[in-house]
Amino acid sequence: MPAKLFNPNSEEPFVLSRSRIDNFLECPRCFYLTNRVGIARPPSFPFNLNNAVDELLKNEFDVYREKGEPHPIMVENNLKAIPYEHPDLEEWRESLRHGVKRHHKETNLILRGGLDDLWINTETKQIIVVDYKATSKKGEVSIDADWQIGYKRQIEFYQWLLRGNSFDVSDTGYFVYCNGISDKDEFNNLLEFKTKLIPYKGNDSWVEPTLTEVKETLMQDSPPEADSKCSYCAYVKKTLLI
């Protein structure tokens, strides 16, 4: 079933996912064509191995959630926290249909996002947003590359969503970053990872101004100009000249 398109004459709230907001920040034209016209970017390839790591991490942290105990990675990093228990957690994790939702009344947009995990600080009782990442690269993983700005916005967007649901959320979130080890002599049907906990102090002040820009863009009668840095727009423009 195709996604619902934005109707500028409708008074019903319009639902946008976190990934759609990221799409807007990358290229307002692509965002407009997706949500007003119904011409979306080609889908990306599924990251099945990454998804498998995500599921295994969720299962592992859920074991400690049920016991009300800190995971070893928390202990190793001197983090006073345990996995957060909440009856809606599984729904919040469901990015395709549910996720954490927040109605932004100023724009009449409903924003949603499927998070990976939540922890709770056992001293301050603040909620901690946690995101799982998986890769395989030489050296230590980090979140310092320019292209990883999307990772940081992801944490911040989830923080904003939860704050809109009356949760006391810590500014500091964490990436549980798993790096596949590829220099072993043999495979033996076993892929090993080195896991690193990376703190990130978020700032969600960009979210609401961005939503205002999003709504203004959706209300336009024609799409914005193509972004010179957008590879999708550049491809379309080039094919039209052939």
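The model is predicted: local features need pLDDT of at least 70, side-chain atom pairs count only at pLDDT 80 or more, and totals for chains, interfaces and linings use all residues. Residues are numbered from 1 along each chain as its sequence is written, and side-chain values use heavy atoms, with hydrogens and water left out.

**The chain as a whole**

The chain has eight helices and eight strands; helices (H or I, at least four residues) and strands (E, at least two) are DSSP runs, numbered from the N terminus. Its C-alpha atoms fill a box of roughly 55 × 45 × 35 Å along the principal axes.

Of the 242 residues, 42% count as buried (under 20% relative accessible area, with a 1.4 Å probe and protein chains only). Among contacts (heavy atoms within 4.5 Å) with a separation of 6 or more, 66% are between residues 24 or more positions apart.

Two packed helices are described by the angle between their axes and the distance between the axes. Axes are lines fitted to C-alpha atoms, for helices over the stretch in contact, and angles run from 0 to 180 degrees between N-to-C directions.

| Pair | Angle | Axis distance |
|---|---|---|
| Helix 1 (residues 18–26) and helix 7 (residues 207–218) | roughly 80° | within 11 Å |
| Helix 1 and helix 2 (residues 28–37) | about 135° | 5 Å |

The angle in the table makes helix 1 roughly perpendicular to helix 7. Helix 1 is oblique to helix 2. Angles under 35 degrees count as roughly parallel, over 145 as roughly antiparallel, 65 to 115 as roughly perpendicular and the rest as oblique.

Towards helix 7, helix 1 uses Ile21, Phe24 and Leu25, which meet Thr210, Leu211, Glu213, Val214 and Thr217. Towards helix 2, helix 1 uses Arg20, Asn23, Phe24 and Glu26, which meet Pro28, Cys30, Phe31, Thr34 and Asn35.

**Trp160**

Trp160 lies in helix 6 (residues 149–163). With a relative accessible area of 3%, Trp160 is buried. Leaving out residues up to four places away in sequence, Trp160 touches Arg102, His104, Leu111, Asp204, Val207, Glu208 and Leu211. Pro83 is 77 residues from Trp160 in sequence and 20 Å away in space, C-alpha to C-alpha.

Definitions and conventions: Buried means under 20% relative accessible area, exposed over 50%, partly exposed in between (1.4 Å probe, protein chains only).
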